[in-house]
Number of protein chains: 6
Amino acid sequence: MLGNSVCKDPKLVEANDFLFSGLHIAGNTTNVVGSRVTPVFASQLRGLNTLGISMACVDIAPWGVNSPHSHPRATEICTVLEGTLEVGFITSNPENRHFCKVLHKGDVFVFLPIGLIHYQRNIGYNNVVAIAALSSQNPGAITIGNAVFGATPEIASEVLIMAFQLDKNAINYLQSKF
Amino acid sequence: MLGNSVCKDPKLVEANDFLFSGLHIAGNTTNVVGSRVTPVFASQLRGLNTLGISMACVDIAPWGVNSPHSHPRATEICTVLEGTLEVGFITSNPENRHFCKVLHKGDVFVFLPIGLIHYQRNIGYNNVVAIAALSSQNPGAITIGNAVFGATPEIASEVLIMAFQLDKNAINYLQSKF
Amino acid sequence: MLGNSVCKDPKLVEANDFLFSGLHIAGNTTNVVGSRVTPVFASQLRGLNTLGISMACVDIAPWGVNSPHSHPRATEICTVLEGTLEVGFITSNPENRHFCKVLHKGDVFVFLPIGLIHYQRNIGYNNVVAIAALSSQNPGAITIGNAVFGATPEIASEVLIMAFQLDKNAINYLQSKF
Amino acid sequence: MLGNSVCKDPKLVEANDFLFSGLHIAGNTTNVVGSRVTPVFASQLRGLNTLGISMACVDIAPWGVNSPHSHPRATEICTVLEGTLEVGFITSNPENRHFCKVLHKGDVFVFLPIGLIHYQRNIGYNNVVAIAALSSQNPGAITIGNAVFGATPEIASEVLIMAFQLDKNAINYLQSKF
Amino acid sequence: MLGNSVCKDPKLVEANDFLFSGLHIAGNTTNVVGSRVTPVFASQLRGLNTLGISMACVDIAPWGVNSPHSHPRATEICTVLEGTLEVGFITSNPENRHFCKVLHKGDVFVFLPIGLIHYQRNIGYNNVVAIAALSSQNPGAITIGNAVFGATPEIASEVLIMAFQLDKNAINYLQSKF
Amino acid sequence: MLGNSVCKDPKLVEANDFLFSGLHIAGNTTNVVGSRVTPVFASQLRGLNTLGISMACVDIAPWGVNSPHSHPRATEICTVLEGTLEVGFITSNPENRHFCKVLHKGDVFVFLPIGLIHYQRNIGYNNVVAIAALSSQNPGAITIGNAVFGATPEIASEVLIMAFQLDKNAINYLQSKF
């Protein structure tokens, strides 16, 4: 049930099929979380199909956040080009251990292993620009808030009330936000 | 950095190394979510090491919930032995589409693909008993609430305030629950 | 040359694509081996395609047998829901070591590794019901007797005479049975 | 639980670690099946470890047989150097279709896919010499007769009586042969 | 962007789909390198598709060479049927260690691991015939000289001048040869 | 025979195990090819072990070259941070097709597929800085010139004379350069 794009006839392939332009253009961070991810996945760069690699640029405004999320089909490595970036990931049950680090220009950090929840936060006074690479051409991204509180159709509030130990008003408020 | 257990000398292996007993014993569901998962992973059944398969029994009290969670290294299939079970999973960004179904005895459902957030809820008046199988001997489990609000050490509240659009009191409340 | 079914357009997928019903219905065991396997493979549950997991229910009448067979593309784990079940598997050349165990309700056993010959036998006075899970959506099954003595067209009797050290009458008898 | 041999320190590796000698020496075929396989697997050629490839030489006396067997972890391709060789393989349930071919010098045949039962028979008046290659350094080999009738300890005769529809005397006879 | 051939309907498959004939016919070695490789890859033997194995025959005239090349998608094992063959492979940066061995009839050698540059040379007075097996049905082959000096269109001479520390005349000469 | 480093006890792992610093420091390009690659592979960043991803920074002085090379275990994607960069790769036999492109700041290019020979050249008046990501934590790198003409011990000149159609003096000259 995977939606892989159909392959191009090898004879018709040209160098432009392997090119994506504009990753250096600052992403628009005027949104509630103050961040923007510009992906270069197989959807954006068709030549990546079957290659098991992709790239992304992460722009975060001062004090903005790349919300907790996971990539179901990829591990991730990133390097900071500009700014001061807090990064963290949390391990599986039962430890739920939180590994956290402040990165500066030239630092490289790896989020591991596959499928863990991780996040990034700008903790400086300037924009953060970071380049990330992922071990799949189609890594997927699950933003926790969106998946849990913003699913379509909504998850029954009874599930969320019990899972998060919140009352119905709080859950309704959360669902209205996403 | 994986903690695979060391393999046993093949000459010393015996049939008991491939056996786990007691999966039929009802799990204790007297907890805040009213559910209990009894895993038969490589940690419980050493013979599963390297085999890419495992099993679990899920017991859910009436109106209990197996909270939203993901398995970073496995897909999952389950069948209901007793009771009436609502199951659901949510796809990745940007759709966050929610697939949901009510299962009865003998129904088989597959949560797909790898790494997606899914949950189960007892919507009947009797206990639910379900058998699940996973495509890894070490599937891992990330309970969203525990990972996001119960990490050790805690994720900075500024990250969660922005990611979930909640005020500091609400985040502190959530962190106190997990 | 594999006959994978074509994938469905992701936009048209619905929850029923992930559902199979009726695994709890007792399989008809009125046959020469007194057993019946009800598979939930990709052929029965299309949503399993590419997921690397599947399930089956095994019903065995008292003293019936699930004949020696192998799954060329999967390992297998099973749990007993009812009855008393002898299970066994035999390792490769040159040891051909036979691991054998009697299972009761709630026991979980793993047949390993991939491709080995294994069998199950009801050694109690009641029906056996067991749930098996396999590490492929398309595990395949080779029943040894059917493949060796019931192939279409038949394997030359000279091959079988020499391989099994039987005379031509015995081979002909066996071939007539399958 | 796999018994992979420990890797050698890369600094101490020398060209002889990648060499096996004597594959051209005719195997001794004075046995009940009139055939001999000389394997060059990781057990014989340590340098093959992790490489996913291996080789074997098959010698078959006139009218000898390489008995029905399967390789649980490899596909196989072979070419005939000398003689006239019948080869065949049987597909999975429910078809159990038998593909069979007579090969002459220079013919190449592929047994597919992984894990299927296949055999070879010399149908000429001279020795057969064939070179086979397998897609694993540790392909394993399950000779059906040995695994089913020659396991240690023996499979209960009740299982075999029912599975092969033979009487107890016939099963005992077969078990005495292996 | 891989050009895998479309699979045949399983019902229409016949034994001839798994057969290639003529591997024993001596390849024509009257060319500048005095060697010829006869491949039995998926392009030549359609039944190999998806199987992860292939075969080739290498004929080398006295003092001929199978030029330095690599297989981007396969490891290789070979055995000498006739003649005296020098084989070698070179490891990655920074060691670039050269493993080299003289093989005689019946010797088996493995070129490892995947993707390394290797070569073969006839160092005897008679033809060499060797059978190679590769761990992919579509291993690919990159002959270094052809790829570097014979690409279409040509690599800019400035790249090659700097990379090989040769003057423009030497590079032009090399490019004219390939 | 792979030299994977031993895994660290998960309990002792800390965030610094996932950090590498200094990728922004310009590599020293005062060498014959005018380029320098700073790798962040598992050898430099232990936390990458088993993750299937790595990163590198490529610095190239004006008119410098990152010589033709291949990565036997990885595909590669790169993005230009500064300068004007010509990139190219050459496909396998028999086409040896050369795909070539001039990249500017923000361009992303993918070298595909695994194991192909590729190169990079600064064709501007300023330094080039590019970030590359590879689909293995241990991708390996084979610089063609070093492997063919700089192996230890040397490849016999007879092999290279024939393979590259050069005379002995030219080969000796090349071998003296590497």
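E76(A) has its place in strand β5 of chain A, residues 76-82, where strands (E, at least two residues) and helices (H or I, at least four) are DSSP runs numbered from the N terminus. The model is predicted, so that local features need pLDDT of at least 70 and side-chain atom pairs count only at pLDDT 80 or more, whereas totals for chains, interfaces and linings use all residues. Residues are numbered from 1 along each chain as its sequence is written, chains are lettered from A and ligands numbered from 1 in the order in which they are written, and side-chain values use heavy atoms, with hydrogens and water left out.

With a relative accessible area of 5%, E76(A) is buried; the term buried means under 20% relative accessible area, exposed means over 50%, and partly exposed lies in between, for a 1.4 Å probe and protein chains only. Not counting residues up to four places away in sequence, E76(A) touches H71(A), F109(A), V110(A), F111(A), H118(A), A132(A), A133(A) and L134(A), contact being taken as heavy atoms within 4.5 Å.

UniProt, in an unreviewed entry, places the feature "binding site" at E76(A) together with H69(A), H71(A) and H118(A); such positions are given in the numbering used here, with feature names shortened, and annotations may be inferred rather than shown by experiment. These residues span 50 residues in sequence, yet no two of their C-alpha atoms are more than 11.9 Å apart, so they gather at one spot. H69(A) belongs to strand β4, residues 65-70 of chain A, and at 6% relative accessibility it counts as buried. Its contacts, leaving aside neighbours within four places in sequence, are with L116(A), I117(A), H118(A), I142(A), T143(A) and I144(A). The side chain of H69(A) also reaches the backbone oxygen of S67(A) at 2.7 Å.

In chain C, helix α3 (residues 168-177) has I171(C), L174(C) and Q175(C) as its buried residues. Seen down the axis of α3(C), the buried residues fall within an arc of 100°, so they line one face of the helix; the arc is that of the directions from the helix axis to the C-beta atoms. An α-helix has 3.6 residues a turn, so residues three or four places apart point the same way. N169(C) and S176(C), on the other side of α3(C), are exposed. The cover over the buried residues of α3(C) includes α1 (144-149) and α2 (157-164) of chain C, and α2 (157-164) of chain D as well.

Turning to the chain pairs, the contact between chain B and chain A takes 52 residues from each of these chains. About 4,300 Å² is buried between them, of which carbon and sulfur atoms give 67%, buried area being the accessible area (1.4 Å probe) that two parts lose on being put together, summed over both. M162(B), F164(B) and Q165(B) supply 13% of the area that chain B buries against chain A, more than any other three residues.

Between chain E and chain D, 45 residues of chain E are in contact with 45 residues of chain D, and the area buried is about 3,400 Å², with carbon and sulfur atoms giving 74% of it. F18(E), L51(E) and V108(E) supply 17% of what chain E buries against chain D, more than any other three residues. By contrast, chain A and chain D do not touch, their nearest C-alpha atoms being 21 Å apart.

Conventions:
A polar contact is a pair of N or O atoms within 3.5 Å; within protein, one must be able to donate a hydrogen and the other to accept it, and residues adjacent in sequence count only if both atoms are side-chain atoms.
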